[in-house]
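The following note is intended for a colleague who is meeting this structure for the first time.

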Amino acid sequence: MTNRLLRKSFPSEVDVKDFGIRGLDLAYALTDGYEFVIVIDAAARGQEPGSISIVEPERAIGAASGPQPLLGSAHGLDPEKVLRFATTLGATCKRIFFVVCEPFTLGDEDGQMGLSDVVAASVEPSVHLVESLVTSLLREGEIALGAC
């Protein structure tokens with residue numbers, strides 16, 4: 001997905017970065033002053049495998065959430081923990097979007113490498129959805145970060 005997004009011609013105010021499982025790197029990147037952030041990932045939401053959704057959390061980065069445990073493993077940070085950790089680092093962001101694809105399976109405890117056929121077929125529609133979202137945000141005069 002990241003390779004496809006990197007081949008697209010986005011305006012200079014749009015950054016496309018691949019964080020993979022590096023949740024700490026994403027948390028620190030969120031402190032770079034972005035107004036809008038788009039995170040692309042797989043998420044089990046009870047839909048058909050390959051379904052694509054846009055999820056916008058109600059609380060923006062930087063909103064007070066009170067003290068909570070943040071880290072167990074640097075590689076095992078779920079998106080909520082990444083956002084909480086980014087907040088403790090001083091990140092602020094008006095809005096954050098998750099473009100998520102329903103996985104066929106998340107595999108066992110160690111995860112599963114590679115994409116199932118049904119999820120692989122959703123990559124190109126996901127790219128188009130991200131492009132549309134970025135275009136919409138830029139029309140609103142805002143800055144977006146694509147983080148895959």
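1. Phe-36 and Phe-97 are both buried, a term that stands for under 20% relative accessible area, with exposed meaning over 50% and partly exposed the range in between (1.4 Å probe, protein chains only). The model is a predicted one, in which local features need pLDDT of at least 70 and side-chain atom pairs count only at pLDDT 80 or more, while totals for chains, interfaces and linings use all residues. Residues are numbered from 1 along each chain as its sequence is written, and side-chain values use heavy atoms, with hydrogens and water left out.

2. How many aromatic pairs are there? The count comes to two, where rings of Phe, Tyr and Trp (its six-membered ring) pair if their centres lie within 6.5 Å, and planes under 30 degrees apart count as stacked, over 60 as edge-to-face and the rest as tilted. The rings of Tyr-28 and Phe-85 are edge-to-face, because their centres are 5.9 Å apart and their planes stand at 85 degrees. Tyr-28 belongs to helix H2 and Phe-85 to helix H3, so this pair ties together parts 57 residues apart in sequence; helices (H or I, at least four residues) and strands (E, at least two) are DSSP runs, numbered from the N terminus. Tyr-28 is partly exposed at 46% relative accessibility, whereas Phe-85 is buried at 11%. The rings of Phe-36 and Phe-97 are stacked, because their centres are 6.2 Å apart and their planes stand at 10 degrees. Phe-36 in strand E2 and Phe-97 in strand E4 are 61 residues apart, and their pair links distant parts of the chain.

3. The largest nonpolar core has 17 residues, of which Leu-30, Val-37, Ile-96 and Phe-98 touch the most other members. Such a core is a set of buried Ala, Val, Leu, Ile, Met, Phe, Trp, Tyr and Cys residues joined through side-chain atoms within 4.5 Å. Two or more residues of this core come from each of helix H2 (23-29), strand E2 (36-42), H3 and E4. H3 gives the largest share, four residues. Another core, of 15 residues, lies apart from it and includes Leu-5, Ile-38, Val-127 and Leu-133.

4. Three salt bridges are found in the whole structure, each being a side-chain nitrogen of Lys or Arg within 4 Å of a carboxyl oxygen of Asp or Glu. In one of them, Arg-4 pairs with Glu-124, with the closest N and O atoms 3.1 Å apart. This pair links helix H1 (residues 2-6) with helix H5 (residues 123-139), its members lying 120 residues apart. Glu-131 and Lys-8 form another, at 3.8 Å between the closest N and O atoms. Glu-131 lies in helix H5 and Lys-8 in the loop between H1 and strand E1 (15-17), so parts 123 residues apart in sequence are tied together. Arg-95 also forms a salt bridge, with Glu-56, at 2.6 Å between the closest N and O atoms.

5. Glu-102 sits in the loop between E4 and helix H4 (117-120). This residue is buried yet has no salt bridge, the nearest side chain of opposite charge being Arg-45, 6.1 Å away; Lys and Arg count as positive and Asp and Glu as negative, with His and the chain ends not counted. The side chain of Glu-102 does reach the backbone nitrogen of Gly-46, at 3.4 Å.

How values were computed:
Polar contact = N/O pair within 3.5 Å; in protein donor to acceptor, adjacent residues only side chain to side chain.
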